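Here is a short briefing to read alongside the model. Please have the viewer open as you go.

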Amino acid sequence: MSGVRLTGVFGALLIAALVALSLAGDRVAGVRFDAQDSRHALEPPSRAHWLGTDALGRDMLSRIIYGSRISLFIGFAVMLVSAVIGITLGLIVMVAALNIVATLILQVMEKHKDIAVLVSMGASRGAVTRIFVLQGALIGAAGTLVGSLLGWGAFATAGGVGTLG
């Protein structure tokens, strides 16, 4: 195995062990996370309490393990929400891109008459290509400029930019 794969396997095993430890919880520590024992308050690490106890006599190891459950839940929830948002935005972008490609193909199909007129006037294939590329670039630049200005204006109107108000 290469170093990268070995590192990935080690990382996956470490994460699996931490998840298993957090799910096992009180069974690993042997004490419930909220069990108070004032006689053993602020004890140093021992066989009974591997990481010691806090001011109320609660086992620190079981409290850390219980806290890792909450952290894992939040991490998985954020990952799930991020995946849903990413997939949704990806699908929107894919539909928009396919719409743009279809529109461009239809416009090229409709421009056969214009291309024939230009060729009959003596324009070469390169000149026709340059004309349509220039026209597309100008339309794209104008659309980008207008869209950017409208977006910036909407952002500034909503109070996002303090220098405009």
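The notes below go from the whole chain to one helix and then to some charged side chains.

This is a predicted model, in which local features need pLDDT of at least 70 and side-chain atom pairs count only at pLDDT 80 or more, while totals for chains, interfaces and linings use all residues. Residues are numbered from 1 along each chain as its sequence is written, and side-chain values use heavy atoms, with hydrogens and water left out.

**Overall form**
- The chain has five helices and zero strands (DSSP runs numbered from the N terminus: H or I of at least four residues for helices, E of at least two for strands).
- Its radius of gyration is 32 Å, whereas a compact globule of 165 residues would have one near 15 Å (taken over C-alpha atoms; the globule rule is 2.2 Å times the number of residues to the power 0.38).
- Along the principal axes, the C-alpha trace spans about 100 × 55 × 25 Å.
- Buried residues account for 12% of the 165 in the chain (buried is under 20% relative accessible area, exposed over 50%, partly exposed in between, with a 1.4 Å probe and protein chains only).

**Helix α5**
- Helix α5 covers residues 125–157, and its end C-alpha atoms lie 47 Å apart, which agrees with the 48 Å that its 33 residues should span at 1.5 Å a residue (the expected span is 1.5 Å times one less than the number of residues).
- Ala127, Val128 and Ala156 are the buried residues of α5, and the buried residues of this helix pack against α4 (112–120).
- Gly159, with a positive phi near 95°, follows α5.

**Salt bridges**
- The whole structure holds five salt bridges (a side-chain nitrogen of Lys or Arg within 4 Å of a carboxyl oxygen of Asp or Glu).
- Asp54 pairs with Arg58 at 2.8 Å, N to O, and both residues are buried.
- Arg63 counts as partly exposed because its relative accessibility is 30%.

**Asp59**
- Asp59 sits in the loop between α2 (26–29) and α3 (60–110).
- Asp59 is buried yet has no salt bridge, and the nearest side chain of opposite charge, Arg63, is 8.8 Å away (Lys and Arg count as positive, Asp and Glu as negative; His and the chain ends are not counted).
- The Asp59 side chain does reach the backbone nitrogen of Ser62, at 3.0 Å.
- Setting aside neighbours within four places in sequence, Asp59 has contacts that include Ala29, Val31 and Trp50 (heavy atoms within 4.5 Å).

Key. A polar contact is a pair of N or O atoms within 3.5 Å; within protein, one must be able to donate a hydrogen and the other to accept it, and residues adjacent in sequence count only if both atoms are side-chain atoms.
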